[in-house]
Amino acid sequence: AAVLTLAAGAIFGVVWGTVLVSFASTLGATFAMLGARYVLRDGLQKKYQNFFEKINAGINKEGASYLFTLRLIPIFPFFVINAIMGLTSMPVLKYFWVSQLGMIPGTIIYVNAGTQLSQITSMRGLVSGPVLLSLALLGIFPYIAKFFIAQFKKSRAFAKYKRPKKYDYNMVVIGAGAGGLVSAYIAAATKAKVALIEKHKMGGDCLNTGCVPSKALIRTAHLMHDMKNSKAYGVNKASCEFSFAEVMERVHKVIAKIEPHDSVERYSKLGVECIQGEAKIKSPFEVEVNGKILTTKAIIVATGARPLMPNIPGLKECGALNSDIMWNIKELPKRLVVLGGGPIGSEMAQAFARIGSEVTLVEKGDRILPREDKSVSELMHKTFEKEGIKVQTSCEAKEVTQSGGGKILKCLKNGATVEIPFDQIIVALGRVANVKGFGLEELGIEISPRGTIEHDQFLRTNIPNIFAVGDVAGPWQFTHTAAHQAWYAAVNALFDPFRNYAVDERVIPWCTYTDPEVARVGLSEAEAIAKKIDFEKTIYHMDDLDRAITESADYGFVQVLTPRGSDQIIGATIVGARAGDLIAEFVLAMRWKLGMQKILSTIHTYPTFAEATKYTAGEWRRAHVPTKALQFVEKFHVWRRGA
């Protein structure tokens, strides 16, 4: 197509060449689209109905704009665009005229280049101004088109809003959790003027109600578990006296000790203007707080998430706890129900069981930790039962009743009603993004089906100077991913349109802090199978690791997935002591494409848990020994002995 367009310019000149090529290419594209539509569409839409319903909804909403962008900036070859659009519900006439308009600028540039090239009569003509300009336009046109499309979209998004003549801030950040703190830090570090608004406590959920208090409680629970099992360490009997109120007091002391890291004082010294109050986004350029309007070039929404409380009859009335409010209890529940077998539920169930509660873990699905491989779920299930936790899977909570005999959770399991008496219940069924009550609805910010803020690869919302990071952006709900996203959002917000970075979410690790810990990065075995990847699985069992044996922690395993015939890592799962620390080596390897061979050739300190990663690489190497080469080497050694 490029060659023919250049030829049209050489033969017919700029005007007629543009007219002929423009209509000819659009007609050809339309016929190609119709061919795909009548040959393939009905069968594919019937087979993948749910998928195409979403695609067609998007086409009906923004199809013309999307097609125009693809024609103007050909991210995909035109024949691919023709085929894909033929499978959608886009009307033929709309497809024709949008394609016609979208291809005209590029057509003019190519036809003009062909015209200029046809006029060259000598070597000197190759370096003439018109020829050089035409060739330069061929190279820079996609960038020019991309810039003007971006500006057009911005102007359309901002059309009904009045821009201030000057701005109070380069950036206003709403929410002082991990995402908000890092965003504000980046802005201050680059000498931008930034305001950070928080309506509750600096540090957000992670510091005050999430990561920090839960890990503090888990540490105490681990100590008590070790004392109960002191014989494993050569101590016949170990006992302790404790007050649960004092255990919770320690949790709050830990929070208080970390608080200065996220404090108003620290961030004020860094150059961030910290404001306590409820923010309200009035326009893309205005945020109201405490009755004052702040004008800003960009806004970052980092409002986090809250615990999901299901609509189960009687649950609210029984005083149910969640991860936000459970840290204020002073008495250890004798009988505790934990509703939800995901990471938070599993962590809390084991911690309270080790401290002394009679714990029942209720999970609606057929296994706990459902995001992990089945082998991991089964191992943790057995571990919990061994520690006295009653694990009820395939068990759906239906109602909570209260009477003189106490509180009862009624569940449906295998068609039968199961009654579980309890004194306290913790709800750990996931978290819901905070997207309401501060102006997003009024601005028309798009919300995804998951309930998070819809955003592009630059973390921009449909209003291009408003960005989202952390739990409110999703899909990951981890402190470390919130901080990771915050760097990209802050830089994009501060330096657009001169520099933009697409957020890199290819390698996201996580860890569940049970005992043993469960850490993963990349694909699980089930996910690799679902993606139809031809992979190999390498497993190293921790009962072989010297350091694990010395600490009576010789349980669990390291599992690594690699494509068949390659040592590149596509997924790693670690179940064992310190798994959350050990996974970092695989995260680094995947991020920088270091294979198992590189890990094997790296010195690891002895004796450490970190050696488990090297020994896993050793297991991979043993499975890939070059048999023929070794046979040759064996003969070589025989020859050297003179045998």
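Student: Where is serine 552 found?
Tutor: This is a predicted model. In it, serine 552 sits in the loop between α16 (546–550) and β20 (557–563). Its phi is positive, about 50°, although serine 552 is not a glycine.

Student: Why does serine 552 count as partly exposed?
Tutor: Partly exposed covers the range between under 20% (buried) and over 50% (exposed). Serine 552 has 26% relative accessibility, so it counts as partly exposed.

Student: Which loop holds serine 394?
Tutor: Serine 394 lies in the loop between β10 (390–392) and β11 (395–403). Serine 394 is not a glycine, yet has a positive phi of about 50°. With a relative accessible area of 29%, serine 394 is partly exposed.

Student: Next, the peptide bonds. Which residue is joined to proline 475 by a cis peptide bond?
Tutor: The residue is glycine 474, and omega is about -5°. Proline 475 is in the loop between β16 (466–468) and α14 (479–495). Another cis peptide bond runs from tyrosine 606 to proline 607, with omega near -10°. Proline 607 belongs to the loop between α18 (596–600) and α19 (611–622).

Student: How should I read the faces of a strand?
Tutor: Side chains in a regular strand alternate between the two faces of the sheet. Take strand β14, residues 424–427: Gln424 and Ile426 are on one side, Ile425 and Val427 on the other, and all are buried. Both faces of β14 are therefore covered, buried being under 20% relative accessible area.

Student: How many bridges join strand β8 to β14?
Tutor: Four, and the two strands run parallel. Strand β8 covers residues 335–339. Leucine 339 has valine 427 in β14 as its bridge partner.

Student: And the nonpolar cores?
Tutor: Nonpolar side chains tend to be buried together in soluble globular proteins. Here the largest nonpolar core has 37 residues, and Leu217, Phe352 and Val359 touch the most other members. The elements giving two or more residues to this core are α8 (211–228), α9 (244–258), β8, α11 (343–355), β9 (358–362) and α12 (374–386). A second, separate core has 29 residues, including Ala433, Leu443, Ile466 and Ala468.

Student: Which residues is leucine 217 in contact with, leaving aside its neighbours within four places in sequence?
Tutor: Leucine 217 contacts Val247, Met248, Val251, Trp327, Met348, Ala351, Phe352 and Ile355. Phe352, in that list, is also one of the residues that touch the most other members of the largest core.

Terms used. Residues numbered from 1 in each chain as written. Predicted model: local features only at pLDDT ≥ 70, side-chain atom pairs only at ≥ 80, totals over all residues. Heavy atoms only, no water. Buried < 20%, exposed > 50% of the residue type's maximum accessible area, 1.4 Å probe, protein only. Pairing = 2+ DSSP bridges. Core = buried A, V, L, I, M, F, W, Y, C linked by side-chain atoms within 4.5 Å. Contact = heavy atoms within 4.5 Å.
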